[in-house]
Amino acid sequence: MTDTLAERWRRARPQPAGVHLDSGACSRQGFAAIDAAAQHARHEAEVGGYVAVEAAAPVLDAGRAAVAALTGLAPSDVIFTTGANHALNLLLSCWTGDRSVACLVGEYGPNLALMAANGFGLSALPVDEHGRLRVGAAAEALARKRPGLVHLTPLGSHRGLAQPLGPLAEVCRDLGLPLVVDAAQALGHLDCTVAPDAIYSSSRKWLAGPRGVGVLGVRPHLADRLRPRFPPSECGPPLTVLQQLEFGESNAAARLGFSVAIGEHLAAGDGHIRARLAEVGRLTRAAVGDVPGWRVVEPVDEPTAITTLAPTDGADPHEVRAWLIAERRIVTTACDPRRAPRELTVPVLRLSPHVDVTSDELDLTAAALADAARL
């Protein structure tokens, strides 16, 4: 019998206490990542934190190399952060160029807040009626009015629409514009090997690492334009810009767990996982497409595992999410307009299963949604 990716994925982690359709928020970690973090914490207790993290350097270096393999950057371009928001704030707060940024109308709300807090003016990239970037029109707009940075979130938090990252990367290279990529939902989910000028992500979503850790990758020519706000003391050896950005206290155990998780991802095959996630999205949309009271937002064949349900009969996604957890042990996400304040107008329900979801679980979810509509 064939040992499928889904079977291997499920076997490598604890038994779920229900149906987990929330990988867009936080995937289920595997035994290897959990054990790596726990073993490092024990090692800290045995030899001290600083000695333990020095011993863990090869694993952390392997984690940086794995991120580099998924982004097209060099391992030396990658540093760890506490998450995606932290990474973006590091980058924007240290930027020395023109503080203007072009981004999608549907940009993630917390990203918009960080842009505003760091004094960046916004301009909107052109999109079609579905909210997908119009690459040709974007090239013309960026050539007419050059922003300091171009920012793209290839896969949003509020909708499973894949944006054309590769074509925009080519446009930005041709125009000599720095491209910054928010890959929090995209890394390990879509092809991100476009070697952007900067890219950042979290650990806890599709790569199934622990919470509280993320990464920031910056190519050398862009790093040279950054000025860290808090340089370390001059008494130590000189540090590069990226080393200065990474300098400080950290949860080394979480970084170890992330390094192991992303190594497992690569071992399973990034292309295989991306293909399975696209299949999962099609299966999910087919399963819930006819549930009364909800409308599937994405096209059925959108190559992502995120399915967004917009209420058509007044259902409250937050109440439905709570009911699904309490009554059916099904975990989903309720997304309110703050996730995309310039595009999303009403709360929606997000389903984001990983590669191990089964048809029975999707049918169970569809039936539960139908039952919730009758309450």
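## Basis

The model is predicted: local features need pLDDT of at least 70, side-chain atom pairs count only at pLDDT 80 or more, and totals for chains, interfaces and linings use all residues. Residues are numbered from 1 along each chain as its sequence is written, and side-chain values use heavy atoms, with hydrogens and water left out.

## Cysteines

Zero disulfides (pairs of cysteine sulfur atoms within 2.5 Å) are found in a search of the whole structure. For Cys-26, the closest cysteine sulfur belongs to Cys-335 and lies 15 Å away, too far for a bond. For Cys-103, the closest is that of Cys-172, at 13 Å, also too far for a bond.

With a 1.4 Å probe and protein chains only, buried means under 20% relative accessible area, exposed over 50%, and partly exposed in between. Cys-26 is partly exposed at 25%, whereas Cys-103 is buried at 0%.

## Sheet

Helices (H or I, at least four residues) and strands (E, at least two) are DSSP runs, numbered from the N terminus; two strands pair if DSSP finds at least two bridges between them.

Strands β10 (residues 307-311) and β13 (residues 348-351) are joined antiparallel over three bridges. In this pair, Thr-307 stands opposite Leu-351 of β13.
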